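Thank you all for coming.

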Amino acid sequence: MRACISLVLAVLFGLAWAEDHKESEPLPQPEEETEEALASNLYSAPTSCEGRCYEAFDKHHQCHCNARCQEFGNCCKDFESLCSGHEGFSHSSDAITKEEIQSISEKIYRADTNKAQKEDIILNSQNCISPSETRDQVDRCPKPLFTYVNEKLFSKPTYAAFINLLNNYQRATGHGEHFSAQELAEQDAFLREIMKTAVMKELYSFLHHQNRYGSEQEFVDDLKNMWFGLYSRGNEEGDSSGFEHVFSGEVKKGKVTGFHNWIRFYLEEKEGLVDYYSHIYDGPWDSYPDVLAMQFNWDGYYKEVGSAFIGSSPEFEFALYSLCFIARPGKVCQLSLGGYPLAVRTYTWDKSTYGNGKKYIATAYIVSST
């Protein structure tokens, strides 16, 4: 399963910042210009500050992103936009450091007792391709990705509540979403169930200590707005949300966008709606959760690079993406899981806000593991 790791070490799979900056269409439509760009354009660490903010000085790098690079005049050109300021916080006393994010992510990792065990999932990752082949749309894997999943996992409260949400959306952008009373109740049920878990209790305790939220109810209300609040990705008012995009998946301009959840993938593959094509990355973890960057066809629409956790609980993914959106909105967020580094990229939705100018989450996805 680890045969292709060497192809992408020190590469941020799924994040082509160079391609993004060549596009004339401004944000927010982030994923079409970043995650699904040619893998040959993927960022390589020595040339930019993507994923490198405040790293240790390395004389071999072409440019630098350490705390003193401005003093010496050798910063990478995007240091100011990616690394300066307080990373989304209004006061320096509220700033969350990289070390604090890595510490809380390790706590969340250890707290995920609802994750799949080794015997719960059998993967058949089959062929690994090079980044230059991701646009070929060739099915190089004749068999499904999931050989076996212990579906008893899905009877756990957070899994069941999560699965109930997946059929509440129209995947095509440009068609307004209209939630029924039952569907709104399912959103509340999901949040209620995940807040019972040690994973979300760890996250709330951390953010409360960091002066981000004064009460658990304030935290839950904010999560509901940022993830389930509707905005427009197309011509229809309220046709999308962060949850729909990241976890359920959407189709825009003939391409799959979002769709970063293994449970959704397994259920759609089981129904014959997802055809697994190949992968370009298989993470270093020898237990679940693991990470896979893959290519697939979703009922006639292609996903060029889709990164996803494998075997994680719904609350684990929701917690890590929320942490990164709150602590590093619109930037790369450097985590640590079981001693291995992992970077997640989030984007804010800038066309509309909720509450007192707060922003919805546009997307969140894994961009690197080195």
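**Charged pairs, rings and one buried leucine**

D350 is partly exposed, with a relative accessible area of 39%, where partly exposed is the range between buried, under 20% relative accessible area, and exposed, over 50%, for a 1.4 Å probe and protein chains only. Its partner is K359, whose side chain meets that of D350 in a salt bridge at 3.1 Å, N to O, and K359 is itself partly exposed at 38%. By salt bridge I mean a side-chain nitrogen of Lys or Arg within 4 Å of a carboxyl oxygen of Asp or Glu.

Before going further, please keep in mind that this is a predicted model, in which local features need pLDDT of at least 70 and side-chain atom pairs count only at pLDDT 80 or more, while totals for chains, interfaces and linings use all residues. Residues are numbered from 1 along each chain as its sequence is written, and side-chain values use heavy atoms, with hydrogens and water left out.

Let me turn to the leucine. L153 is found in the loop between strand 2 (146-149) and helix 7 (157-165), with helices (H or I, at least four residues) and strands (E, at least two) taken as DSSP runs numbered from the N terminus. L153 counts as buried because its relative accessibility is 4%. Leaving aside residues up to four places away in sequence, L153 touches N114, K115, A116, D120, Y159 and W262, contact meaning heavy atoms within 4.5 Å. For N114, which is 39 residues from L153 along the chain, the C-alpha separation is 8.1 Å.

Back to charges. How many salt bridges does the structure hold? There are eleven, and one of them joins the side chains of E304 and R135 at 3.3 Å, N to O. E304 lies in strand 7 (residues 301-310) and R135 in the loop between strand 1 (121-123) and strand 2, so this pair ties together parts that are 169 residues apart in sequence. E304 is buried, with a relative accessible area of 5%, whereas R135 is partly exposed at 40%.

A further salt bridge brings together the side chains of D136 and R140 at 3.2 Å, N to O, and here D136 is partly exposed at 39%, as is R140 at 23%. E133 joins D136 and R140 in a network of salt bridges.

Now the rings. A search of the whole structure finds 32 aromatic pairs, defined for rings of Phe, Tyr and Trp (its six-membered ring) with centres within 6.5 Å, planes under 30 degrees apart counting as stacked, over 60 as edge-to-face and the rest as tilted. The centres of F146 and W262 are 6.1 Å apart and their planes stand at 35 degrees, so the pair is tilted. F146 lies in strand 2 and W262 in helix 12 (residues 262-270), so this pair ties together parts that are 116 residues apart in sequence, and both F146 and W262 are buried. Y354 and Y360 also form a tilted pair, with 5.2 Å centre to centre and 45 degrees between the planes; Y354 is buried at 9%, and Y360 is buried at 10%.

Finally, R171 lies over the face of W298, at 4.8 Å from the ring centre, and the charged end of K115 sits over the ring of Y109, 5.2 Å from its centre. The criterion is NZ of Lys or CZ of Arg within 6 Å of the ring centre and within 35 degrees of the ring normal.
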